[in-house]
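Colleague: Hey, I've got this one open on my screen and could use a hand. Can you talk me through it?

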Amino acid sequence: MKYMRKILTTSFACVAVLATAQTNEGLSQYDSNAPWGWAACSSMTSADDYSVTGGGESTSSNTITLVSDGEGVDMRSKIISAINNYSVIILDGSNGDFTISATMSFSSKSNKTIVGVNNARLCTKFYLTDEIKTALDAANVKSASSTSGGGTLSNGKSVSEQREYLTRQTIINLTGDASESCQKAGIFSFSSCTNIIMRNLVLVGPGPCDVGGNDLLSLTGSKHFWVDHCELTDGIDGNFDITKSSDFNTVTWCIFNYTDRAYDHMNSNLIGSSDSEDAAYLNTTMACNIWGYKCNQRMPMARAGNIHLVNNFYDCAGNSVAVNPRKNSEFLVENCYFATGVKPFSQSGALGYNFIDCYTEDSYTFQQSGTVSVPYAYSKFDVQLVPEQLNKYAGATLTSPLVIGREEGVVTPISAVSVDSDVVLVEYYSLTGNRVNTLNRGINIVRTIYANGKVTTQKVLVK
């Protein structure tokens, strides 16, 4: 999707979308196949002025392709080395899953593209077994407090919450692992990193339980990430958390869910790790994502930032809460679809929240508070198309994840605007503001003036 700029003084209804050819099997006609949203912004007021390039064009010298060394063989050190030494990293799943013994952490990295091909799956070595879950039940973990209690574990570590204390001590007793390696059962952690593209990967965790563990994917102090067409399942803590002054990140066409490995703590996506997070950071776009089986809350939950949710599908019946603004965050939620049995919303101390053209299969009245907007160009497709489009195209569906953008000569889809008046004038401008006579290759600004005085501005990308 290349998105139409939001005009704050005018209410638009999207009634049609221009069809476009696909450059990639597994790509929806509503998918621009390129970074957009907050990831393409350099400040909260300037928009579409940052180019998320990742590792750039793939060449023989800057690209490495890895395959698994075999089932159960730890690939952690090889993947770390590849990301440290190459700009474009291709993980090829043709020889089976990539086993990861502990979270791979990266600091101050920039300009990287990490993609999967041939059903590339990165799986944690540790996972919750039926034996562990039976022992947790015997310890009455699920009835324990998650806000108070606790004590000192047999390894000397102090825990402030009873549920976490019982969970960790039970696993120590059962496995004999006093080092609690289960806490490191994540996949990727990025700290102070920038301009990273991650696409078409499946990340599989051990199943969630309250051990104070790592996320499957986490960003801390990191900016200009585009995470696209990935699947994140069974994170032991969160599936994907964005915290500690991270900013200007976009997540598109991803799937977040859990399997029957899940025990408790099915809290998928946290934005902001504490109430002290600076409200000027954490601006995040999440579009065309699915929150599915067993997701309970944090879809996302945010404590700061401008959070823009567009065309997401909530298919997580029986959850506690899906969209959850808190503290200093503000949410703009547009054309999102909530299936039967889903609790859409709860807030606490949020700066504002707007629900626009959202739909629920249950009886629910969406709440509004204040006015929330974003500075960048965007569009959105009909909310009734969300389940069909996302069930077909979200997740690791791409055949050519290194291909960015659309085919030559194709205009990316933009929403047509309903109007009640004849067009008086159509003007074309370059991004620098120069008037031009026709659409040119690249990004064009289209300004339309109607007889009733209405003015609309759209961005059109011609490849």
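Colleague: In what order do the nine strands of the open sheet come?

Modeller: Keep in mind that this is a predicted model. The order is E4-E7-E12-E15-E18-E21-E23-E25-E27, and the pairing is parallel.

Colleague: And which strands sit at the edges?

Modeller: Strand E4 (98-100) and strand E27 (359-360), each of which pairs on one side only.

Colleague: Can you zoom in on E12 and E15? How many bridges join them?

Modeller: Three bridges link strand E12 (residues 202-204) with strand E15 (residues 231-233), and the two run parallel. To find the spot on screen, look for Val 202, which stands opposite Glu 231 in E15.

Colleague: OK, what about E13? Are its faces covered or open?

Modeller: Both faces of strand E13 (residues 217-220) are covered. Leu 217 and Leu 219 are buried on one side, and Ser 218 and Thr 220 are buried on the other. In a regular strand, side chains alternate between the two faces of the sheet.

Colleague: Which strands does E13 pair with?

Modeller: Strand E10 (residues 188-191) runs parallel to E13 and is joined to it by four bridges. E13 also pairs with strand E16 (residues 240-243), again in the parallel sense and over four bridges.

Colleague: Which residue is the bridge partner of Ser 191 in E13?

Modeller: That's Thr 220. If you carry on from Thr 220 into E16, the bridge partner there is Thr 243.

Colleague: What pairs with E17?

Modeller: Strand E14 (residues 223-228) is joined to E17 by three bridges, and they run parallel. Val 227 stands opposite Val 251 in E17. Strand E20 (residues 284-287) also runs parallel to E17, with four bridges between them. In E20, Thr 285 is the bridge partner of Thr 250.

Colleague: Let's look at a helix then. Which residues of H4 are buried?

Modeller: In helix H4 (residues 386-393), the buried ones are Val 386, Pro 387, Gln 389, Leu 390 and Tyr 393. They pack against strand E21 (290-291), strand E23 (313-314) and strand E25 (337-338). Just after H4 comes Gly 395, with a positive phi of about 95°.

Colleague: What about Glu 164, is that buried or exposed?

Modeller: Glu 164 is found in helix H3 (residues 162-175). Its relative accessible area is 14%, so Glu 164 counts as buried, the cut-off being under 20%.

Colleague: And what does Glu 164 touch?

Modeller: Skipping neighbours within four places in sequence, Glu 164 is in contact with Val 159, Asp 210, Val 211 and Gly 212.

Colleague: Changing topic: how many residues are in the largest nonpolar core?

Modeller: It has 89 residues, and those with the most contacts inside it are Leu 122, Phe 188 and Tyr 314. Strand E22 (residues 301-310) gives the most to this core, with five residues. Apart from that core lies another, of twelve residues, among them Leu 136, Val 141, Ala 185 and Val 211. In soluble globular proteins, nonpolar side chains tend to be buried together.

Colleague: What is Phe 188 in contact with?

Modeller: Leaving out neighbours within four places in sequence, its contacts include Ile 83, Met 104, Phe 106, Leu 122, Leu 203 and Leu 217. Asp 215 and Ser 218 are also among them.

Colleague: How much of the whole chain is buried?

Modeller: Buried residues make up 55% of the 463 residues.

Colleague: Last one, the second largest pocket. What lines it?

Modeller: The second largest pocket is lined by 15 residues, and Ser 146, Glu 161, Asp 210, His 265 and Asn 267 lie nearest its centre. By class, the lining has one nonpolar, eight polar and six charged residues.

Colleague: And how much space lies in that second largest pocket?

Modeller: About 370 Å³.

Note on methods
Residues are numbered from 1 along each chain as its sequence is written. This is a predicted model: local features need pLDDT of at least 70, side-chain atom pairs count only at pLDDT 80 or more; totals for chains, interfaces and linings use all residues. Side-chain values use heavy atoms; hydrogens and water are left out. On a 1 Å grid over the protein atoms alone, a cavity is a set of points where a 1.4 Å probe fits but cannot get out, and a pocket is an open set with protein on both sides within 12 Å along at least five of seven lines; lining residues have an atom within 4 Å of a point. Grid points are joined across faces, edges and corners, and a volume is the space filled by probe spheres set on the points. Ala, Val, Leu, Ile, Met, Phe, Trp, Tyr, Cys and Pro count as nonpolar, Asp, Glu, Lys and Arg as charged, and the others, Gly among them, as polar. Two strands pair if DSSP finds at least two bridges between them. Buried means under 20% relative accessible area, exposed over 50%, partly exposed in between (1.4 Å probe, protein chains only). Contact means heavy atoms within 4.5 Å. A nonpolar core is a set of buried Ala, Val, Leu, Ile, Met, Phe, Trp, Tyr and Cys residues joined through side-chain atoms within 4.5 Å.
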